[in-house]
Amino acid sequence: MKSRIAGRAGRLAATVAGAALAIGLSFGSAPAFAYIEAWQGDDNAKGFESDRRLKACDMEADTNAVEGEYFRVYDNSSSHLWDKNGAGPDNCVKSGAGAVLNKVRVCEQQFAKPDACGSWAYRI
């Protein structure tokens, strides 16, 4: 009698474990966090290396320079990363490593008018 109860308990445990595994595989898992990313038109700036570096990319061959403006955690002054050749597509410059990025935006330099800037993107 004891062995029948132990056998049923073992089968039940295996069934529950299998169901939990199937549910986990079907939903997958999300990354620990999403990298910060900002856009202005087709140009973008994106954090990488755990949001400790920034990459600003001029994706338009329009002769306009692109700037990634950013703030790091615990720093109230903005930093600027320029891709000055305006060459596009997929032309990127990268910052050095530092404290984690807190907020980022992309601006495109315009001739004889204010720069076109996208919205600020904030780290989640």
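Helices (H or I, at least four residues) and strands (E, at least two) are DSSP runs, numbered from the N terminus. From the N terminus on, they follow the order α-β-β-β-β-β-β-β-β-β.

This is a predicted model, in which local features need pLDDT of at least 70 and side-chain atom pairs count only at pLDDT 80 or more, while totals for chains, interfaces and linings use all residues. Residues are numbered from 1 along each chain as its sequence is written, and side-chain values use heavy atoms, with hydrogens and water left out.

**Stop 1: colour by confidence**

Colour the chain by pLDDT, the predictor's confidence in each residue, from 0 to 100. The mean for the chain is 80, and 73% of its residues reach 70 or more. Where is confidence lowest in the chain, and where is it highest? It is lowest in helix α1 (residues 2–27), with a mean of 47, and highest in strand β8 (residues 116–117), at 98.

Now select residues 12–31. Here pLDDT stays under 50, and the model has zero contacts beyond four places in sequence for this stretch. Contact means heavy atoms within 4.5 Å. For the chain, among contacts between residues at least 6 apart in sequence, 52% join residues at least 24 apart.

**Stop 2: the four-stranded sheet**

Select β1, β2, β3 and β6. They form an open sheet in the order β1-β2-β3-β6, with antiparallel pairing. Two strands pair if DSSP finds at least two bridges between them. β1 (37–40) and β6 (91–94) each have a single partner strand and stand at the edges, so one side of each is left without a neighbour in the sheet. On average, neighbouring strands of this sheet are turned by 15° against each other, direction ignored; axes are lines fitted to C-alpha atoms, for helices over the stretch in contact, and angles run from 0 to 180 degrees between N-to-C directions.

Zoom in on β1 and β2, which pair in the antiparallel sense over four bridges. Gln40 stands opposite Asp43 in β2. The hairpin of these strands has two residues between them, and Gly41 takes a positive phi near 60° there.

Of the 124 residues of the chain, 32% count as buried.

**Stop 3**

Move on to β2 (residues 43–48) and β3 (residues 53–58), an antiparallel pair with five bridges. Gly47 has Leu54 in β3 as its bridge partner.

Select Glu49, in the loop between β2 and β3. Glu49 has a positive phi of about 50° although it is not a glycine. With a relative accessible area of 46%, Glu49 is partly exposed. Next select Arg53, in strand β3. The side chains of Arg53 and Glu49 make a polar contact (3.3 Å). Such a contact is a pair of N or O atoms within 3.5 Å; within protein, one must be able to donate a hydrogen and the other to accept it, and residues adjacent in sequence count only if both atoms are side-chain atoms.

**Stop 3: the largest nonpolar core**

Select Ile36, Ala38, Ala45, Leu54, Ala56, Val66, Tyr70, Leu81, Leu101, Val104, Val106 and Ala121, the twelve residues of the largest nonpolar core. A nonpolar core is a set of buried Ala, Val, Leu, Ile, Met, Phe, Trp, Tyr and Cys residues joined through side-chain atoms within 4.5 Å. β3, β4 (66–72) and β7 (101–108) are the elements that give two or more residues to this core. The largest share, three residues, comes from β7.

Centre the view on Leu54. Not counting residues up to four places away in sequence, Leu54 touches residues including Ala45, Tyr70, Leu81, Leu101 and Val104.

**Stop 4: two loop residues**

Select Asn64, in the loop between β3 and β4. Is Asn64 buried or exposed? Asn64 is buried, with a relative accessible area of 18%. The side chain of Asn64 makes a polar contact with that of Glu108 (3.2 Å).

End at Tyr74, in the loop between β4 and β5 (79–83). Tyr74 has a positive phi of about 65° although it is not a glycine, and it is exposed, with a relative accessible area of 85%.

How values were computed
Buried means under 20% relative accessible area, exposed over 50%, partly exposed in between (1.4 Å probe, protein chains only).
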